[in-house]
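Here's a quick briefing on the chain shown below. Have a look at the fold first, then read on.

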Amino acid sequence: MELSSDRLLQEKRRNKQRSQPASRPSSRFKFGAKAAEAERQQKLQLIRTPVLSCYRIAVISLKGGVGKTTTTTALGATLSSERQDKVIAIDANPDAGTLGRRVRRETGATIRDLVSAIPYLNSYMDIRRFTSQAPSGLEILANDVDPAVSTTFNDEDYRQVIDVLGKQYPIILTDSGTGLLYSAMRGVLDLADQLIIVSTPSVDGASSASTTLDWLSAHGYGDLVQRSVTVISGVRETGRMVKVEDIVAHFRTRCRGVVVAPFDEHLAAGAELDLDLMRPRTRQAYFDLAALIAEDFTRAQQEQGLWTPDGSMPPHMAPPLPGGGAPAGGAAYGYPPGAPPGYGYPPAEPGYGYPPQQPGGGYGRPPQSGPGWQRPPGQ
């Protein structure tokens with residue numbers, strides 16, 4: 001019999017009070033609520049920064065069991081829910097991966113199946129047949145859960161997968177395996193725009209995370225380390241023996257930001273992730289993490305010439321005019337003049353870095369409720 005969430009989790013999980021999204025104001029009056037609301041809006045605006053080229057986030061750790069897969073899934077779900085565009089998380093573990101357990105599977109296909117099918121993948125819907133989608137909108141590309149049937153997933157495979165997915169998804173998260181020396185990790189690090197180091201609030205967890213940063217700095221990834229983010233993940237309930245504030249202070253000297261994600265019973269279950277079942281403090285932590293990650297979106301696009309230093313789009317990369325007109329000079333959206341139409345112009349799928357298309361809609365998507373709305377096939 002399958003060890004599924006429906007079988008193993010207590011009934012009270014389904015009846016648990018649903019938490020308030022961190023992006024929505026609380027209905028209760030609180031002192032300082034005006035300032036808190038202004039900060040919330042600022043973070044939400046950051047999270048919804050248009051992404052005109054694929055932004056790749058690598059989640060890594062030397063040590064297993066520190067909450068790496070949980071961090072990948074919770075962050076991906078938060079980004080997808082708040083941005084309302086396509087976000088995908090992929091399992092690049094060289095052994096049996098567990099990312100696929102965090103979503104209700106819609107397909108038995110794995111990342112290795114997708115590698116085999118790469119010559120035949122020409123559209124988003126071709127790729128969608130290999131993914132499973134969570135209620136948040138996050139898509140997951142799973143790995144084999146049985147190491148006995150898994151085959152080698154190497155550096156070349158990973159780069160091919162990122163190349164294909166990067167043409168359809170503005171944000172890709174990679175849940176990497178433990179260790180730094182397996183083949184695919186080279187591609188994970190070389191292609192990453194943002195690195196997330198996951199640690200636990202413990203002596204061994206913090207030491208392993210710090211050692212990871214040392215190794216990366218010594219092997220040519222110093223810039224990636226400087227703009228990395230550390231997540232202190234409360235994967236289990238701990239006492240007061242460890243000074244978490246000292247761990248946070250240490251990593252603040254090494255990374256551009258640190259987020260503490262408190263223990264959460266729903267996440268600790270290791271089952272399908274539902275943002276609404278997370279504790280409010282935990283949900284807020286991942287909302288803060290999403291905003292911290294989004295602070296780097298503009299830098300990455302400036303490096304590719306997609307944004308000018310003042311944070312605006314270059315004139316030749318302006319969005320298409322209302323009514324379907326192309327920008328002056330026939331430039332494709334996100335391409336220099338003379339480039340062929342394609343990646344984002346016209347938009348292959350709604351939401352790929354576009355502002356809301358109609359009142360009431362999500363960020364770049366049509367309204368997801370109301371008269372006449374129907375969920376598109378495969379969504």
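## Quick look at the chain

Among contacts (heavy atoms within 4.5 Å) between residues at least 6 apart in sequence, 73% join residues at least 24 apart. Bear in mind that this is a predicted model, where local features need pLDDT of at least 70, side-chain atom pairs count only at pLDDT 80 or more, and totals for chains, interfaces and linings use all residues. Residues are numbered from 1 along each chain as its sequence is written, and side-chain values use heavy atoms, leaving out hydrogens and water.

**Overall make-up**
- The chain has 14 helices and eight strands, taken as DSSP runs (H or I of at least four residues for helices, E of at least two for strands) and numbered from the N terminus.
- Of the 379 residues, 51% are buried, meaning under 20% relative accessible area with a 1.4 Å probe, protein chains only.
- Carbon and sulfur atoms account for 52% of an accessible surface of about 18200 Å² (Shrake-Rupley method, 1.4 Å probe).

**Helices α7 and α8**
- Helix α7 (residues 155-165) packs on helix α8 (residues 183-191) at about 40°, with the axes 7 Å apart; the axes are lines fitted to C-alpha atoms over the stretch in contact, and angles run from 0 to 180 degrees between N-to-C directions.
- That angle makes α7 oblique to α8 (under 35 degrees is roughly parallel, over 145 roughly antiparallel, 65 to 115 roughly perpendicular, the rest oblique).
- On the α7 side, Asp155, Tyr158, Arg159 and Ile162 meet α8 residues including Ala184, Arg186, Val188 and Leu191.

**Cysteines**
- There are zero disulfides (pairs of cysteine sulfur atoms within 2.5 Å).
- Cysteine 54 is buried at 7% relative accessible area, and Cysteine 255 is buried at 7% too.

Notes:
Buried means under 20% relative accessible area, exposed over 50%, partly exposed in between (1.4 Å probe, protein chains only).
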